[in-house]
Amino acid sequence: MQLLGIHHLTAISARIRDNHQFYTRTLGMRLVKRSVNQDDVSAYHLFYADAVGSPGSDLTFFDWPVPQEVRGTRSITRTHLRVAGMEALTWWRARFGEHGVTSGEIVERDGRFVLDFEDPEGQRLALVDDGGTGEGHPWDRSPVPSEHQIRGLGPIVISVPDLERTDIVLQRVMGLVPVREYPHPDHPEHVVHVYQMGVGGPGAELHVAVQANLPPARQGAGGVHHVAFRSPDADYDAWADHLNTAGVPNSGKVDRFWFRSLYFREPNGILFEIATDGPGFAVDEDPATLGETVVLPPFLEAHRKEIVAHLKPID
């Protein structure tokens with residue numbers, strides 16, 4: 001069994017209509033699934049991705065009216081989004097200036113050029129140059145030119161106060177490989193440890209910052225709920241057995257309809273998910289019209305009228 005890379009990342013928004021506008025109009029990502037949180041049907045669950053909703057391209061949001069995140073350790077702190085080349089980063093730097101998006105300068109970090117920025121609720125993001133390697137699926141209705149579009153998720157950065165127990169889970173349970181270290185960009189006295197999955201590369205890395213002197217984060221709007229890692233469909237049952245054999249408390253098998261999931265917390269409390277690549281977002285929608293209407297998994301369809309009546313418009 002081998003995890004292939006980042007599958008998706010799920011964050012929290014208290015202003016879902018603004019969120020929808022920012023990610024589709026400013027960032028030019030495609031809304032590939034308009035659904036609800038399957039554990040809290042009062043809330044939207046929106047999935048932004050590339051044109052076809054490829055595994056590894058999903059940035060998703062729960063629609064929760066909660067206070068702002070209080071930043072700290074024991075949390076996911078930054079999400080990288082891949083673009084192809086320095087020309088793309090330069091284009092995005094200008095676009096952020098035109099649209100009033102909070103951003104930094106283009107800098108080199110861990111051997112790659114990156115551009116940090118935040119969404120309107122303070123969600124910490126960064127564009128990273130992936131060199132244009134691997135398959136891309138630009139969306140022909142995006143306001144962003146195809147050559148500059150976001151290609152998928154890049155490294156996910158987490159913060160922990162202690163590395164030892166997290167390292168055991170990452171290496172011995174999940175099979176991640178430590179490959180290098182670099183100083184934290186905001187706190188150079190802290191070390192960021194890079195772990196690689198599968199064949200590696202920016203779409204298959206978890207960056208772990210060790211920050212013992214920070215207070216614990218308090219989850220909220222502008223923060224992250226969990227990160228998911230890609231598994232081939234055929235390995236799903238084996239991963240479920242493996243977590244149990246390793247003594248890792250977990251959710252057991254959860255069928256999300258578009259993929260199957262296993263949830264567990266690493267020792268510092270950050271929520272991880274292992275998610276299958278299939279069956280994918282086109283299993284219940286025409287690929288040409290993904291995300292245009294509210295779609296529910298079969299077990300919620302009987303309650304559609306009631307669920308949809310309580311959702312606010314986002315278009």
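Eight strands make up an open sheet with mixed pairing, in the order E6-E7-E8-E5-E9-E12-E11-E10. This is a predicted model, so here is a friendly walk through what it shows. A second open sheet, again of eight strands with mixed pairing, runs E2-E3-E4-E1-E13-E16-E15-E14.

- On average, neighbouring strands here are turned by 25 degrees against each other, direction ignored.
- Arginine 109 finds its bridge partner in E7, namely arginine 112.
- E6 and E7 form a hairpin with two residues between the strands, and there aspartate 110 takes a positive phi near 55 degrees.

**Helix H3**

- Helix H3 (residues 164-173) packs on this sheet, where it touches E9, E10, E11 and strand E12 (205-210).
- The direction of H3 makes about 15 degrees with that of E11.
- Which residues of H3 are buried? They are Thr166, Asp167, Val169, Leu170 and Val173.
- Residues three or four places apart in an α-helix point the same way, because the helix has 3.6 residues a turn.
- The buried residues of H3 pack against E9, E11 and E12, and also against H4, E15 and E16.
- Just after H3 comes glycine 175, with a positive phi of about 80 degrees.

**The sheet from E2 to E14**

- Strand E2 (30-37) and strand E14 (254-255) stand at the edges of this sheet, each with a single partner strand, so one side of each is left without a neighbour in the sheet.
- Strand E1 (residues 6-13) pairs with strand E4 (residues 58-63) in the parallel sense, over six bridges.
- For histidine 8, the bridge partner in E4 is aspartate 58.
- Helix H1 (residues 16-26) lies across E1, E2, strand E3 (40-49) and E4, and runs at about 10 degrees to E3.
- Helix H4 (residues 236-245) also packs on the sheet, touching strand E13 (224-231), E14, strand E15 (259-265) and strand E16 (271-279).
- The direction of H4 makes about 15 degrees with that of E15.

**Aspartate 130**

- Aspartate 130 sits in the loop between strand E8 (124-129) and strand E9 (152-160).
- Is aspartate 130 buried or exposed? Its relative accessible area is 6%, so aspartate 130 counts as buried, which means under 20%.
- The side chain of aspartate 130 makes a polar contact (2.8 Å) with the side chain of arginine 151.
- Beyond its neighbours within four places in sequence, aspartate 130 is in contact with Arg82, Val83, Ala84, Arg151 and Pro202.

**Cavities**

- How many cavities of 30 Å³ or more does the whole structure hold? The search finds two.
- The largest cavity contains about 70 Å³ of space.
- The lining of the largest cavity consists of His80, Arg109, Asp110, Arg112, Val114, Val128, Pro155, Tyr182 and His207.
- Among these lining residues are Arg109, Asp110 and Arg112; in the hairpin of E6 and E7, aspartate 110 is the residue with the positive phi, while arginine 109 and arginine 112 are bridge partners.

Conventions
Residues numbered from 1 in each chain as written. Heavy atoms only, no water. Helix = DSSP H or I, 4+ residues; strand = E, 2+ residues; numbered from the N terminus. Buried < 20%, exposed > 50% of the residue type's maximum accessible area, 1.4 Å probe, protein only. Polar contact = N/O pair within 3.5 Å; in protein donor to acceptor, adjacent residues only side chain to side chain. Contact = heavy atoms within 4.5 Å. Pairing = 2+ DSSP bridges. Axes fitted to C-alpha atoms, helices over the stretch in contact; angles between N-to-C directions. 1 Å grid on protein atoms, 1.4 Å probe; cavity = no way out; pocket = protein on both sides within 12 Å on 5 of 7 lines; lining within 4 Å. Points joined across faces, edges and corners; volume = space filled by probe spheres on them.
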